[in-house]
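Let's take a friendly walk through a protein structure together. Have a look at the picture, then read on.

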Amino acid sequence: MVLAIEAEGLTKDFAVGFWRPRPYRALDSLTLSVEAGEVFGFLGPNGAGKSTTLKLLMQLLYPTAGAARILGQPVGDTGVRQRIGFLAENPYYYDYLTAEELLAYFARLFGYRGADITTRVSRVLDEVGIGKERRLRLRRFSKGMIQRVGLAQALLNDPEVVFLDEPMSGLDPLGRRHVRDLILGLRQRGCTVFFSSHILSDAEALCSRVGVLVQGRLVSSGRLSEVLAFELKGWELVVAGVSDALRPELARLARSVTPFGDGHMLLHLAADAEPDRLLGELTRRGAHIVSLNPVRETLEDYFVQVVGATVARDERGVGA
Amino acid sequence: MRAIWFVAGAAFKESVRDRVPYTMVVFAVMMIAASYLISELTAGQDLKIIKDLGLAAMSIFGLVIAVFIGIGLVSKEVERKSVFALLTKPITRPQFILGKYLGLLVTLVVNLSVMTVAYYLVLFYMETTATATMRASWAAPALDPRQLIAIVLIMGELALVTAVALLFSTFSSPLLAALLTLGLWVAGHFNHDLRQFEQVVDSRAVAALARGLYYLLPNLAPFNVRAEVVYGIPVAASHVGLTLLYAAAYVAALLVAAIAIFRRRDFK
Ligand SMILES: Nc1ncnc2c1ncn2[C@@H]1O[C@H](COP(=O)(O)OP(=O)(O)O)[C@@H](O)[C@H]1O
Ligand SMILES: [Mg+2]
């Protein structure tokens with residue numbers, strides 16, 4: 001089977017510094033493949049190299065080393081562009097065109113003609129939720145509306161692979177929801193989606209697989225649950241009606257005890273605290289369980305940890 | 001190939017919807033009106049002044065459009081990043097450059113045509129209101145169709161300058177590209193002086209440099225036949241033909257260079 005996206009040792013250096021330009025490695029030998037029909041979340045903090053990767057895949061940048069293929073063809077192949085869609089980060093289109101005119105222009109470039117153009121354009125505009133505004137010049141569009149136009153142009157040609165760079169950025173909660181539904185719709189149609197984000201919840205809701213990029217390096221990839229390991233860090237327990245006799249015992253069991261209003265207490269328990277047994281014991285002795293929640297590692301924790309580790313390693317490298 | 005036309009169409013639409021060309025046309029019309037006013041003040045004696053001013057205005061306004069819109073067409077796309085969406089469509093970078101060039105050429109032709117019509121309308125008015133004695137003093141008839149030769153050559157020069165602007169805008173910032181283009185335009189008009197310069201200097205190295213520049217820089221002097229036309233001096237068909245051929249060759253070389261640079265370029 002032909003892979004939707006393949007990158008092999010993809011590397012990009014930028015020259016930084018005006019007087020004495022030095023190479024700055026924005027992407028470091030990225031090797032990655034995405035199968036047809038997958039929704040792949042490309043995660044990483046700001047500046048990790050996500051946009052750089054997408055631009056390399058779109059041949060808006062030329063790699064310093066390595067190569068990439070889309071649908072089995074080298075990137076930049078005009079035939080492949082017929083079959084893909086791309087939404088750039090914070091996109092801009094022409095101020096002087098209306099949404100309809102912009103999409104009709106792109107539709108012509110895709111080779112559609114006549115009535116096909118009109119029906120396609122109005123269909124994708126409906127799909128992204130742009131109504132009467134489609135007759136207005138883009139100059140008057142808000143950031144969120146431009147983002148929708150961007151999605152519309154990425155879907156214009158019923159693409160087999162869609163590349164979206166931070167598709168949720170600049171959208172209000174309703175807009176985010178809408179984009180999520182759109183991506184889920186694409187997934188159902190069997191379209192491959194490759195999108196970048198620095199927000200975990202986006203990825204959680206949509207992805208079949210994720211890759212995590214930190215400082216230009218792919219530090220892990222796989223199913224979301226595998227990658228982030230979702231390590232249980234402990235439990236958060238809220239109880240009420242704790243008798244005075246019980247208090248010292250709880251203080252011994254929990255990492256911390258914080259009393260708050262109406263005789264409620266917030267307890268932080270270790271991961272291996274076996275809460276079932278504890279809960280049984282507590283209820284038997286007259287306490288009332290209000291809530292119990294697992295505390296898991298978040299993407300944020302993960303970033304902090306991995307970035308910290310990468311920076312530490314680099315510093316050792318410099319010292320050596 | 002169709003892609004080139006689509007890009008050209010969009011570029012034309014952009015420059016027409018930008019208010020700049022309208023103000024240019026209005027300005028040109030005002031210039032011509034002003035020159036008419038001058039003739040009133042000089043009791044109809046100076047058809048020459050009107051022709052001079054009118055043709056010079058066309059050339060200058062055409063230059064401004066060619067430089068500023070010409071540079072904007074490519075560098076604005078790159079700077080504002082609209083190029084990201086466009087270049088990920090089934091279109092090659094050479095097609096993009098050629099389409100932009102063609103679109104601007106169409107814009108210039110339309111603008112120059114509008115200015116020509118306005119120009120001839122003023123001359124038509126002169127013709128109908130002139131007395132026999134005034135006519136006798138004219139070096140050439142008011143509605144002399146040979147003025148179109150000067151206008152065609154202005155267009156040839158603008159086609160060349162546009163290609164220069166496009167080339168610079170593929171690799172430098174808009175401001176720098178504008179300055180470089182205007183600099184080259186000025187140099188192009190004084191280029192033939194380099195020839196004489198070569199003969200008056202002693203240093204062989206400087207002479208060689210002057211000769212090199214002479215051949216490298218565009219030679220724009222032959223495009224200016226305004227004085228000949230105004231004074232009714234004939235312009236040889238071969239001069240027009242060769243000059244236009246020179247423009248075409250120069251434009252082709254510039255476009256090849258622009259494409260070569262644009263092709264390898266990173267869009268950050
Ligand atoms: N044109 C450029 N010149 C120099 N450095 C750049 C350029 N573009 C991006 N970078 C650097 O490359 C790194 C990756 O950037 P980017 O791909 O935009 O990250 P992301 O999209 O993950 O936020 C960043 O450190 C950024 O500063
Ligand atoms: Mg980015």
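Let's begin where the two chains meet. In this predicted model, 13 residue pairs, both members at pLDDT 80 or more, are in polar contact across the interface of chain B and chain A. On the chain B side, helix 1 (2-17), helix 3 (47-80) and helix 4 (82-87) each supply at least two of the residues that touch chain A. Helix 1 of chain B gives the largest share of that side, eight residues. Sorted by class, the side of chain B that touches chain A has 14 charged, twelve nonpolar and three polar residues.

How many residues of each chain are in contact? For chain B the count is 29, and these are in contact with 28 residues of chain A. Interface size is often expressed as the accessible area that is lost when the parts come together. Here, the area buried between chain B and chain A is about 2,900 Å², and carbon and sulfur atoms give 59% of it. Within chain B, the residues that lose the most area to chain A are B:Arg17, B:Lys89 and B:Pro90, which together account for 23% of what that side buries.

Now for the charges. Side chains of opposite charge can pair when their charged atoms come close. Over all chains, the structure holds 25 salt bridges, and the rule finds four across the interface of chain B and chain A. Here are two salt bridges that link a residue of chain A with a residue of chain B:

| Residue in chain A | Residue in chain B | N to O distance |
|---|---|---|
| A:Lys12 | B:Asp266 | 2.5 Å |
| A:Asp95 | B:Arg80 | 3.6 Å |

Next, look at each chain by itself. Chain A has eleven helices and 14 strands. Its radius of gyration is 25 Å, well over the 20 Å that the globule rule gives for 320 residues, so chain A is more spread out than a compact globule. Along the principal axes, the C-alpha atoms of chain A fill a box of roughly 80 × 60 × 45 Å.

Some of the strands of chain A can be followed as pairs. Strand 11 (residues 232-240) runs antiparallel to strand 14 (residues 288-296), and eight bridges join them. One place to look is A:Ala240, whose bridge partner in strand 14 is A:His288. Strand 11 of chain A is also joined to strand 13 (residues 264-269) by five bridges, and these two strands run antiparallel. In this pairing, A:Glu236 stands opposite A:His268 of strand 13.

What about chain B: how many helices and strands does it have? Chain B has eleven helices and zero strands, and its pattern along the sequence reads α-α-α-α-α-α-α-α-α-α-α. The C-alpha atoms of chain B fill a box of roughly 65 × 55 × 30 Å along the principal axes.

How values were computed: Residues numbered from 1 in each chain as written. Chains lettered and ligands numbered in written order. Predicted model: local features only at pLDDT ≥ 70, side-chain atom pairs only at ≥ 80, totals over all residues. Heavy atoms only, no water. Contact = heavy atoms within 4.5 Å. Buried area = accessible area lost by both parts, 1.4 Å probe. Salt bridge = Lys/Arg side-chain N within 4 Å of Asp/Glu carboxyl O. Polar contact = N/O pair within 3.5 Å; in protein donor to acceptor, adjacent residues only side chain to side chain. Helix = DSSP H or I, 4+ residues; strand = E, 2+ residues; numbered from the N terminus. Nonpolar A, V, L, I, M, F, W, Y, C, P; charged D, E, K, R; others polar. Pairing = 2+ DSSP bridges. Rg over C-alpha atoms; globule rule 2.2 N^0.38 Å.
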